[in-house]
Amino acid sequence: MDRQIVITGIGVVTPVGTGCEEFWSNLLDGQSGIAPVKSFDTSAYNVHRGAEVKEFTAGDFVLNLDAAHLGRASQFAIAAARLALADAGVESSSLDQKRAGVSMGTTSGEPREIERFDDSFMSGALDRIGPEFLALYPCHVIAAHVASELGFAGVNTMIPTACAAGNYAIAHALDVMRAGRADLMLAGGSDAFSRITYTGFARLGAVAPEVCQPFDRFRKGMIPGEGAGVLVLEPLSSARRRGARIYAEVGGYGLSCDAHHMTAAHPEGAGAERAMQQALADSRTNAAKVSYISAHGTGTATNDRLETLAVKRVFKDLAGRIPISSIKSMLGHTMGAASAIEAAVCALAVFNDRVPPTINLNDADPECDLDYVPNFARDVRVNVAMNNAYAFGGNNASLILRKSVMN
Amino acid sequence: MISALGDSLAQVHDSLIHGLSAIKPIQLFNTEGLGCPLAGEIVDFDASKYLGQRNLRPLDRTSRLVASSAQLALQDSGWSMEMRNTEEVGLVLGTMFCSAHTISEFDRRALEAGPAYASPMDFSNTVINAASGQTAIVHNLKGVNTTISTGATSGLQAICYGADLIRSGRARAVLAGGAEELCFESFYGFDRAGLLCRSDTSAGDFPIPFDARRNGAALGEGAALLMLEDLVLARERGARILAEIKGHGSSYDCSRGHDDKQSVAAIAVAIRQALNDAFLLPHEIDCLSASARGSRSGDRREVEAVVSVFNCQTRHLPVTAVKSMLGETLGASGPLQAAAMLETIREGVLPGIPQLQQIEDGFPLKRACAGPKEVDVLNGLINSTGFDGHSCSLILSRYED
């Protein structure tokens, strides 16, 4: 149980860039990926903006499977997985297939497949739906497609815990590796832009009309997005043996459930607090050692206020001294991919000693009075980073990444 | 557990050993135009029987199945609300679709009436972790809350995940299992994929695992949760211990079920890993609860995998396949098999496979038959295989003080 598990590869497909380098540099520059929605017609909605992935060609990444017969979330996941392996310098042929696994999170799986089903149903043409519906729709196909594309025959798990799913998937991969059930794991999350999700958040009045401005006094909500993030996890010993670049060590995690309300967070942020406390305990980290927090930071009035409250309850008078940023200000909310992409950000922050900004933050909410790294990236020594994610269902997940002994 | 054959271990096991089948014409939705009109439906399911007079409107069918079976499992294990207020209990739920019906209905309503008329309450149930979230609220489960989705193996995989949480000391008590509701949307998918049994041929109306006449599975629905705890702590609180989780294994067939050899190999890897994890040898397994659901290729692959692990011992291995009576309940299937295994271990009777008359040539299953048989089970193996590559195996063992 004391095996050290490290991150040696990062792959991302996001509204602000594909591939670790482009993504990180755009993020530090404070670039926004939010634009008018192109996936479907939003004229019947009172909001029209989203954070979609632009100029994505699945065929660039899907080499073994048939890209045309994969859902968009699977395509993103495969792209992120390939990028992560390449970044880690791992050839999948060099691995023992049975000991190479995949653990992925998602909110909606492959929503476009059921949307197509619904369109056909409504137009009285359900016979247009054939055997491909079952082959493409159930959410487990995302992790399965990644594994099939790369020849990974070990552990294969999909964890659909909504907007915290990426953290859950990474946490599971950590446990799998610590238990010695795999030599290498690809872990992350993926979600495709979904009409169903957009409709739901719009109906809740949670979608911002123009920009996402977490922690700002005038914030108007979140912006739905899409993307994928995948990390390569392996034991420190194997990473050292092959001379790999080590971004960070996965120190531990905490998972909790509010058991309070499906869509609203606990009024005192109690579940979020327990997840953070458990992550600190699991990674044997003193709260004073945490040098960066990647916030869930959706940009809704309640999330940002309660998250701030929960951070204060955990870190007490230290809370104001920890830089906290929400990259959702730039990427929007990439759903099940969000916390995986944010884990990538934590790993990059630990590796580079730089933290990305929260953009559009000009007039801080008096109830959100911590250091949210407004508008400009910052050089900070990041020894320990905490990645927080919260989801529908009251699911809370906190992850600790830190400098490895080799950093 | 909530199943089409009853809601208690004893009742379900009794039905299984008497060869009662839950597979009947579907009442839940119109089957016109579908190739298979049969399923293991829970007719007249009423969650208020288990959950009392609380407002059940926010819970869809899947959530009601899960919350109801959680109520039974909490009651059965003695984890009272009082205890749950001071100790965190976790929930790990395996489900393939959660509620494809809720997701689809939400979308169709927005298409029909406009997005402004979509239901916010339904939206909260469109996430695939809705049932575990709703159940946590109903029963105040504040520990780890994870949803696992690996196709038809989801439920057994969730038990493995839960067992690892206990083993690693992350949780003291975890409800682990799975659920699946019967609904038009997922049923239509299986029907169009040609995976369901046809009732209009000489093969009869049932899925008949291992039989030469088998021609497909029947879908079913249900929910089953097991309360998993650390042995020492369970004894300390004076809990009744039903069995021990000895080991588990899982693997993935990269061909997604397209290649026979790779599929067989993946199932065999899961079984071998479970044996290794349990420190057991094949001859120490006393019976097998097979995943077989009446599929032409799926059943054959499972048999070949079992033979590759057990060799000539296969002929001595008592085998059952409860999907012959409950149907393929997807996310619920592994946990339902596990629940039935608990009763087999306790009662010493293994259910038969009704209608099994002509075991396919070349299947060396000398101890699979239509009727129940007496068995003395120390270690029982449970297999769960998906339709597109996932395999999972679990070993349950008799607990002796």
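Sheets, helices and chains

Q: What makes the five strands S1-S8-S6-S4-S5 of chain B an open sheet with mixed pairing?
A: In this predicted model, the five strands of chain B stand in the order S1-S8-S6-S4-S5, and the sheet is open, with mixed pairing. Strand S1 (2-3) and strand S5 (145-148) of chain B are at its edges with a single partner strand each, so one side of each has no neighbour in the sheet. Both senses of pairing can be followed at S6(B). Strand S4 (residues 89-94) of chain B and S6(B) pair in the parallel sense, while S6(B) and strand S8 (residues 222-229) of chain B run antiparallel.

Q: How do you know that S4(B) and S6(B) pair?
A: Two strands count as paired when there are at least two bridges between them. S4(B) and S6(B) have six bridges, so by that cut-off they are a pair. One of the bridges has B:Leu91 with B:Leu175 of S6(B) as its partner.

Q: How many bridges join S6(B) to S8(B)?
A: Eight bridges join S6(B) to S8(B). In one of them, B:Ala173 has B:Glu229 of S8(B) as its bridge partner.

Q: Why is strand S6 (residues 173-180) of chain B called mostly covered?
A: A residue is buried if 20 or more other C-beta atoms lie within 10 Å of its own. Eight of the eight residues of S6(B) are buried. This holds for both directions: B:Ala173, B:Leu175, B:Gly177 and B:Ala179 point one way, B:Val174, B:Ala176, B:Gly178 and B:Glu180 point the other way, and all are buried. In a regular strand, side chains alternate between the two faces of the sheet.

Q: How do you know that the span of helix H12 (residues 296-310) of chain B is close to the expected one?
A: H12(B) has 15 residues, and 21 Å is expected at 1.5 Å a residue. From its first C-alpha to its last, H12(B) reaches 22 Å, which is close to that value. Just after H12(B), B:Asn311 takes a positive phi of about 50°.

Q: Why is chain A called as compact as a globular protein of its length?
A: Chain A has twelve helices and 15 strands. The globule rule gives 22 Å for 407 residues, and the radius of gyration of chain A is 20 Å, close to that value, so chain A is as compact as a globular protein of that length. Of its 407 residues, 67% count as buried.

Q: What makes the radius of gyration of chain B agree with a compact globule?
A: Chain B comes to 14 helices and 15 strands. A compact globule of 401 residues would have a radius of gyration near 21 Å, and chain B, with 20 Å, agrees. Buried residues are 63% of the 401 in chain B.

Q: What makes up the side of chain A that touches chain B?
A: The contact takes 56 residues from chain A and 59 residues from chain B. Among the elements of chain A that each supply at least two residues are helix H3 (111-122), helix H6 (165-178) and strand S9 (248-257). The residues on this side of chain A divide into 32 nonpolar, 18 polar and six charged.

Q: What confidence does the predictor give?
A: The complex has an ipTM of 0.97 and a pTM of 0.97. The mean pLDDT of chain B is 96, and 98% of its residues reach 70 or more.

Definitions and conventions:
Residues are numbered from 1 along each chain as its sequence is written. Chains are lettered from A and ligands numbered from 1 in the order in which they are written. This is a predicted model: local features need pLDDT of at least 70, side-chain atom pairs count only at pLDDT 80 or more; totals for chains, interfaces and linings use all residues. pLDDT is the predictor's confidence in each residue, from 0 to 100. Helices (H or I, at least four residues) and strands (E, at least two) are DSSP runs, numbered from the N terminus. The expected span of a helix is 1.5 Å times one less than its number of residues. The radius of gyration is taken over C-alpha atoms; the globule rule is 2.2 Å times the number of residues to the power 0.38. A residue is buried if 20 or more other C-beta atoms lie within 10 Å of its own, exposed if 12 or fewer, and partly exposed in between; C-beta atoms are placed from the backbone. Two residues are in contact if their C-beta atoms, placed from the backbone, lie within 7 Å. Ala, Val, Leu, Ile, Met, Phe, Trp, Tyr, Cys and Pro count as nonpolar, Asp, Glu, Lys and Arg as charged, and the others, Gly among them, as polar.
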